[in-house]
Amino acid sequence: MRTSSQEAPLPCFFGDEAHRLYGCHHLPTEAARREAILICSATAHEYERCHRATRQLAVQFARAGYPALRFDYFGTGDSAGDYAEASLSRWRDDIAAAAAECRVRSARKSLCLAGLRLGATLAAQAAAALEGVTQLVLYAPILDGAALLEEWGREQAVFDGKHSQAIRRAPQEILGFPLGQSFRAQLGTGLAVPAPAPAIRRVLVLAERADEPGVRQAAAVLASRGAAVTVEQADGPAVWRSEPLQAIVPFKVLRRIVAWVGEGAR
Amino acid sequence: MSEEPILLGEHGSLLGIHTPAAPVGAARNSRLAMVLFNAGLIHHVGPGRLYVKLARALAARGIAAVRVDFSGIGDSPPRPDHAPAHELGMREPREMLDDLERRGYDGFILGGVCSGAKHAALAAGDPRVKGLVLINQELAAADPEAAQQVSVQYYLRRSLRNPRAWRNLFAGKVNYGALFTALVGGARRLLARGGRRRHSPAELLLEELAPALGRATPALIVLSDRHAEVLRLFAADFAAAMQHHPSLRFESNCYADHLFTSTSAQAALVQQVCEWAEELARTRAHERTPAVAPALAAR
C-alpha cells in the first residue's frame, strides 16, 4: 500500500544560476522500469489550467514504476525570468537541460518525453536533437500557430466581455501573459514537427481531432524514420480551456498515456 | 536571487518556495516573512504567477517570502493522516509558521487571494502574525442577504455598462426567469426586513479578525471586481471600522478582475503590497534595533 508521503515529489531547482529552472521529481513507488519520463508542460495561461493534470500524470507514471520529472520553462511557474523574455528556442533548450537533469536524477539513459499542448510540440522538436529518447507522447499538440493565436484571442475576447469595467491590459497580452510580436512570429512559423531521431521507436499522438489534416501530416513526418506512430482521439476534457480554479484532471487520458508507454517498454 | 524549495508541516509534506530577503533596505533586519496561501486550487505560483512576482518583489526590498501549497494542492501530496479538510485550514498555517520560526523568522505577514485570504484571516489569531494582506476575500459570503444584495448590484452595474449585455437582453439571449427571480427576490427580501441589515460584511470581518485587531495587527484588504462592490455598498460601515481600528486599511481596484489577471493589475497590486509591507517591516526593524544594539555593543 502506498502512502501519500511516498508519492510526494522531490522539488528542486536546476540549471545554470542565471536561468534556474524549477522541477519536481517523482520517484517510482513500484518496481522501477528502465525508462524515465520527462513531462513538458503547457505554457501561458494554459500552464496553470493544466498544472493539476500534469502533476497527476507524473504521479500515475510513478505508480507504474517510472521515475518522472516535470519542470517549469524559463519565465513560467517557479523558474527564473519573466514570461516576456521567453522564446520557443529558449524553451527547447530548457527541455534539453531538463532531460539531462532527469537522466542524472533517475540514473536512466532511456527517456520518454510526454508533452501537453505547446509543450508537446516543443518536446517533439527538442527530441529530434536529444540522445536516448525512445518514446514520445504528444497530448493535444499545437500544430498550427495561427490557429492557436486565434483561439487565445477568442478567449481574451470572452474575458473582456465578462469584465466590462475597463480592465486595463497591454494590447498584446493574452489572459495576463505578454505575447509580443517576436513571440507571435515564432508561433506563426516555428511549430513544424520534425522527423524524429532514429532512436525514437514509438510515438503516441493524442489529438483533439484525430482526423485533422495537420495531425495526419505530422504523423506522416513522425513516421518517416521508422517510428511506429499511433494517432488517437484524446478521450477527455480539454483542461487547457477550463478555469484554473476548476483544476480538472482527465484521468482517462492519463491512464491511456501510462498504459501506452508501458506497452512499449523493452 | 536564490530561491529554494522547503518542506514544511508536521509530516514534512507541505511544499513551500522560499525567497530569501536581499540584504538591502531598511526592512532587512526585520526577520519578517510573508507567507502566501493558495488561491483555491491554484498552486503556489498563484493566479497568473502573481505570487512569484510578489515574492521576488518583496525579497528585492528586503522582505522574505514563502509561497506554499496546502495538502493535496499543487506540489503538496495529500496528508498521510487523512485529517478532515476543515481542520487543515487551521492546522497547516500553524505548522508552517512553526517550521519557518525554526528557520529564524519571528514575525509573519499572512496573505493570499480569495480562499488564500480566508485562510490568512483564520490564522490571524496566532501572535506571531504581524500583518495580513487579504486580497478579494469573500466578505459578504457569511451573510446570504448581503451576498444577494452585492450580487444584484454588481451584475446590474456591470450589465448597465456593457453593450453586449443590452444586446443579449433584447435578442432574447438571457435567462429572463432567473433575472426576474433575482431582482424581485432581492426587492422582496429588502422590503420584508424594512431596509435594515442583520449583519454588515464589515461587522463580520471585524469579528473574524478580532484576535489580530486586538493586537493592532496591521491589515491591508484589497478588493476588486464584485468584492469592491461590497466596499461601495457598505462604505459607511467600513469607514467606521477603520476609525475604530486604524491598523485596518481598505483599498479598492476597479480595474482588476477577481484573480488580478492582467499584468498591469498585477503590477499595481505588487507595488501596493510591497510598499505597505516595507513600511511594516521598517517599523519592525526600527523597534527591534534598540534591543539588538546593546547586545552587539557588548561583543
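A: A definition comes first: an angle under 35 degrees counts as roughly parallel, one over 145 as roughly antiparallel, one from 65 to 115 as roughly perpendicular, and the rest count as oblique. Please keep in mind throughout that this is a predicted model.

The two helices in question are H1, residues 44-63 of chain A, and H7, residues 251-263 of chain A, whose axes come within 10 Å and cross at roughly 40 degrees. H1(A) and H7(A) are therefore oblique to each other, and their crossing is right-handed. On the side of H1(A), the residues that take part are Gln56(A), Leu57(A), Gln60(A) and Phe61(A), and they meet Leu254(A), Arg255(A), Ile257(A) and Val258(A) of H7(A).

Among contacts in chain A between residues at least 6 apart in sequence, 69% join residues at least 24 apart. The C-alpha atoms of chain A fill a box of roughly 55 × 40 × 35 Å along the principal axes, and the radius of gyration is 18 Å, which agrees with the value near 18 Å that a compact globule of 266 residues would have. Of those 266 residues, 48% count as buried.

Ala227(A) sits in the loop between helix H6 (213-222) and strand E10 (228-233) of chain A, and Ala227(A) is buried because 20 other C-beta atoms lie within 10 Å, where 20 or more is the cut-off. Leaving aside neighbours within four places in sequence, Ala227(A) is in contact with residues including Pro196(A), Ile200(A), Val203(A) and Leu222(A). Arg154(A), by contrast, belongs to helix H4 (residues 145-162) of chain A, and Arg154(A) is exposed because 10 other C-beta atoms lie within 10 Å, where 12 or fewer is the cut-off. The C-alpha atoms of Arg154(A) and Leu136(A), 18 residues apart along the chain, are separated by 30 Å.

Terms used
Residues are numbered from 1 along each chain as its sequence is written. Chains are lettered from A and ligands numbered from 1 in the order in which they are written. This is a predicted model: local features need pLDDT of at least 70, side-chain atom pairs count only at pLDDT 80 or more; totals for chains, interfaces and linings use all residues. Axes are lines fitted to C-alpha atoms, for helices over the stretch in contact, and angles run from 0 to 180 degrees between N-to-C directions. Helices (H or I, at least four residues) and strands (E, at least two) are DSSP runs, numbered from the N terminus. A crossing is left-handed if the near helix is turned anticlockwise from the far one by less than a right angle, and right-handed if clockwise. Two residues are in contact if their C-beta atoms, placed from the backbone, lie within 7 Å. The radius of gyration is taken over C-alpha atoms; the globule rule is 2.2 Å times the number of residues to the power 0.38.
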